[in-house]
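The following exercises concern a structure of which the sequence and coordinates are shown below. Work through each task before reading its solution.

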There are 2 protein chains.
Amino acid sequence: MNPEAKVPAFPAVASGPANPADRIIDVAYELFSTRGVRDVGVNELIERSGVAKATFYRHFPSKDSLVLAFLEQRDKRWTMDLILAEAHRRGSTPREQLLAIFDVFGDWFLREDFEGCSFAKVLLEMGPAHPLGQASISYLAKIRGLIQTAGEEAGLVRPEEFAYSLQVLMKGSIVQAVEGDLQAARRAQQMAAWLIEHHSS
Amino acid sequence: MNPEAKVPAFPAVASGPANPADRIIDVAYELFSTRGVRDVGVNELIERSGVAKATFYRHFPSKDSLVLAFLEQRDKRWTMDLILAEAHRRGSTPREQLLAIFDVFGDWFLREDFEGCSFAKVLLEMGPAHPLGQASISYLAKIRGLIQTAGEEAGLVRPEEFAYSLQVLMKGSIVQAVEGDLQAARRAQQMAAWLIEHHSS
DNA sequence: ACAGGCGGTAAGACTGGTCTGTCTTCCCCC
DNA sequence: GGGGGAAGACAGACCAGTCTTACCGCCTGT
């Protein structure tokens with residue numbers, strides 16, 4: 001028999017969850033969000049999550065399906081838990097909360113692992129026709145819906161138009177930040193204030 | 001000998017310039033700008049430009065060097081000849097010319113071959129550390145310089161800050177347009193008008 | 001209560017394809 | 001005759017995805 005019997009009974013590698021699928025998702029989240037989905041191969045994901053290849057393909061029938069799961073996680077962890085919850089925490093009125101988005105952005109831009117908006121990156125990488133581009137568009141539209149709701153709560157007129165315009169500022173500031181402009185959030189916030197002003201009354 | 005002697009004396013394929021290097025650049029411009037640099041392989045470029053592989057590598061020691069040449073072409077054909085010249089043509093005052101940028105964008109967004117800003121795409125695809133990302137940042141900075149100059153000619157205060165902010169609007173509207181928002185240019189133009197207003201006197 | 005089977009997992013070989021980049025061969029034209 | 005070019009074989013790396021083997025723990029049926 002094998003003289004070096006496998007003792008572990010539990011993960012030798014990957015300190016995360018015991019559940020293999022969750023370990024894979026955690027690793028994918030880290031690698032995809034910092035380096036992009038095209039730059040990270042299945043083999044690296046497998047190695048980093050300490051999982052067998054067959055196990056990977058048991059849980060995710062293709063790499064694209066893992067990317068879909070990643071986008072879902074990104075929506076949950078980034079959109080909802082990071083940006084939305086934090087902006088909600090920082091502002092006491094709906095209007096303040098809308099502007100606080102750009103305060104949160106400002107902090108986010110300074111993070112070492114800041115690498116831009118995964119939805120926009122996947123969309124630009126795969127194109128709007130690809131299923132993954134379509135999924136990204138959906139999540140971006142979901143964000144726009146949240147903004148529209150916030151705009152309605154703030155009593156703004158034409159909230160849909162407002163949401164579209166605010167998203168222009170959000171995306172623009174993100175790309176600008178990737179380029180290295182650390183003041184991008186502040187500039188966008190100033191324009192957001194004018195935008196809110198013009199949608200008031 | 002070869003019974004089917006090569007008659008051509010001139011390109012069987014690729015209707016463009018006789019010069020192989022120029023044919024390669026033309027094909028690269030078309031394919032890179034519509035599908036992204038990562039999606040187009042050297043083999044396809046060679047086939048489409050009717051050029052031998054050795055010839056390709058004689059003129060461009062690596063694919064990256066061709067991408068660099070493409071970015072230079074993009075700056076020339078897109079930034080200078082399409083956007084800047086056209087905006088200049090459409091507006092009679094510096095202020096109008098700045099706003100006209102978004103009219104040109106609006107037309108550009110409607111084009112069938114519209115696929116976003118190559119500089120931003122390469123930057124997001126390769127990251128700001130990669131040489132190609134660096135080159136993209138340079139060209140984007142060059143655009144910002146042009147905007148700043150236009151802002152100065154329009155007599156705006158704090159023209160540099162103005163240029164940064166206007167670029168947020170430009171990038172944001174482009175990403176939004178890729179996502180499918182055909183009104184992105186109009187929304188950005190409205191915000192640009194407010195921005196100009198606040199930088200006046 | 002226990003034996004056997006079965007499902008989930010690790011480890012990794014393997015396949016078929018694609019990619020960049022090199023090299024060879026032949027040809028044409030100067 | 002020599003240099004640029006066409007055509008394409010080739011090498012080496014990587015990629016997604018399949019398959020094999022072996023191990024372990026749990027559940028089930030007797």
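In which helix does A:Glu161 lie? A:Glu161 belongs to helix α8 of chain A, where helices are DSSP runs (H or I, at least four residues) numbered from the N terminus. The model is predicted: local features need pLDDT of at least 70, side-chain atom pairs count only at pLDDT 80 or more, and totals for chains, interfaces and linings use all residues. Residues are numbered from 1 along each chain as its sequence is written, while chains are lettered from A and ligands numbered from 1 in the order in which they are written.

**Exercise 1.** Classify the exposure of A:Glu161.
Step 1: count the other C-beta atoms within 10 Å, which gives 18.
Step 2: apply the cut-offs (buried at 20 or more, exposed at 12 or fewer, partly exposed in between, with C-beta atoms placed from the backbone).
Step 3: A:Glu161 is therefore partly exposed.

**Exercise 2.** Describe the contact between chains A and B.
Step 1: chain A and chain B each contribute 31 residues, two residues being in contact if their C-beta atoms, placed from the backbone, lie within 7 Å.
Step 2: on the chain A side, α8(A) gives the most, with 12 residues.

**Exercise 3.** Determine how α8(A) is oriented relative to α9(B).
Step 1: the axes, lines fitted to C-alpha atoms over the stretch in contact, come within 10 Å and cross at roughly 80°.
Step 2: the two helices are therefore roughly perpendicular, the class for 65 to 115 degrees.
Step 3: A:Tyr164, A:Ser165 and A:Val168 meet B:Ala184, B:Arg187, B:Ala188 and B:Met191.

Notes: Axes fitted to C-alpha atoms, helices over the stretch in contact; angles between N-to-C directions. Parallel < 35°, antiparallel > 145°, perpendicular 65-115°, else oblique.
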